[in-house]
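Welcome! Please take a moment with the sequence and the fold, and then we can walk through some parts together.

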Amino acid sequence: MNTGVTISSISDYAILGCGSVGFAVAEELTGQDKDVLIIDRDENRVESLRDQDLDARTADIREPETAELVADRSVVLILASDVESNKQAVEHIRDLGGNQFIIARASDPVSGDELSELGANIVINPSAVIADSALRALESGELEHNAASLAELLEDTTGKLAIVTQQSPDPDSIASAAALQAIATHLDVDSDIVYLGDIGHQENRAFVNLLGIELVQWNDVEDKSVYDTVALVDHDTTGDLDLEVDILIDHNEPDEEFEPAFSDIRPNMSSTSTIMTKYIQEFDMNVSEEVATALLYGIRAETLDFKRDTTPADLTAAAYLYPFANHDTLEQVESPSMSPETLDVLAEAIANRDVSGSHLVSNAGFVRDREALMQAANHLLNLEGVTTTAVFGVAEETIFLAARSKDIRMNIGGVLEDAYSEIGAATGHSTQASAEIPLGIFTGIDISDDTRETLLTLTEEAVKRTLFDAMGVEGEGSNGN
């Protein structure tokens, strides 16, 4: 068969073994005006098929002669319930030396591998197909039920809905909040997206500004009592908000125990943006360009542009969003101009880099914008031979450290946890992580304007040594030249 021709354009088929599966396929193909030849060894079944105006012939699919009967057919479907018969049929067809496209029925993974080895182009397992169909139906039914429950809860809001992002929100959290706000608007519910911390990373600021997403700093809310419904999206704590949670939607299990009226936690998806895209589809909304762009960027950011922990659900959500998104805006978000502060931090990090093997650690000194540390870590990861970077600097009497890794053998989040959890706080995952350490922790010296420079000098080697030890390497004191 010419591989440049699609199956849907083929008009001549043969079905070997016409039980319930074969008959269903035959009905579908003949309904599409395809020329279908059916081969089965049961004479009564063949007679019944002929009574239904189907082209059916009596022959044993295990015999070599049967392969000759279908030699002129472009596609052969071997669908008998007896897998051993199917194996023989595949073998005989391939022995003739033709290039027909063969689809064969298996009963389990082992027989599937055997059929593939004999020459079947595609192997199907009806049990697996039924199971997949059942799971898809279950997922669809669960989503329909959840959407109805979410709508009922949102519509009970008498004041305003507070949609709470994670602290210093990232693209996935912001996009998910924007999607929930769009759903609330669809249901005529007034809402605000609120956050704690700051939006420091340049890409995140560009993301919010270019898409016109309005976020409210929680500390700037004068009357917090207006919010009678509270939703957490991609965020697992309300410790600093002192609010009772009504809705929780996330792709990670929360650290705190909540008892919300509505909860949808899906660790099998790589981003909360993926979950929210499913809800947008279930509500049959006309997704706006801004929300579609935000969600697509949220998925891409969380999966490192589909290179980390990507699931089929993430891909199908992205495919749905793609036609509605503004790709010029996405390009602007992903390539924001570098601020002078970030350029200074990057210059310091390059000058002070200490490389051991493929691991780089650098001190950026005193910084005003600690988000610049992550951008510096990102840029340094592009250096030849470098697979892991960590850049630290001092701000607000705290050492802030940002790390990135593309080494599949290393979980950089775990490395920072091992290195600093007992003296500070560390968070992150396999490719990206951060840590915060009190500046005086290594020396016990009181912090003042006169001691800050001394403290930084004293702590620099301690920070590096602790991190290199956690990485399992020794610092060489080299700047990588």
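Is S149 buried, partly exposed or exposed? S149 is partly exposed, because its relative accessible area is 26%; buried means under 20% relative accessible area, exposed over 50%, and partly exposed in between, with a 1.4 Å probe and protein chains only. Before going on, please know that this is a predicted model, in which local features need pLDDT of at least 70, side-chain atom pairs count only at pLDDT 80 or more, and totals for chains, interfaces and linings use all residues. Residues are numbered from 1 along each chain as its sequence is written, and side-chain values use heavy atoms, with hydrogens and water left out.

S149 is found in helix α6, where helices (H or I, at least four residues) and strands (E, at least two) are DSSP runs, numbered from the N terminus. From S149 to A261 there are 112 residues in sequence, and their C-alpha atoms are 9.2 Å apart in space.

Now for the sheet. Six strands form an open sheet in the order β9-β8-β7-β10-β11-β12, with parallel pairing; two strands pair if DSSP finds at least two bridges between them. At the edges are β9 (215–217) and β12 (262–265), each of which pairs on one side only. On average, neighbouring strands of this sheet are turned by 25 degrees against each other, direction ignored. Strand β11 (residues 247–250) runs parallel to β12 and is joined to β12 by four bridges; L248 has S263 as its bridge partner in β12.

Axes are lines fitted to C-alpha atoms, for helices over the stretch in contact, and angles run from 0 to 180 degrees between N-to-C directions.

Finally, let us visit T293, which sits in helix α10 (residues 289–302). Which residues is T293 in contact with, leaving aside its neighbours within four places in sequence? They are L211, A325, N326, T329 and L330, contact meaning heavy atoms within 4.5 Å. T293 counts as buried because its relative accessible area is 1%.
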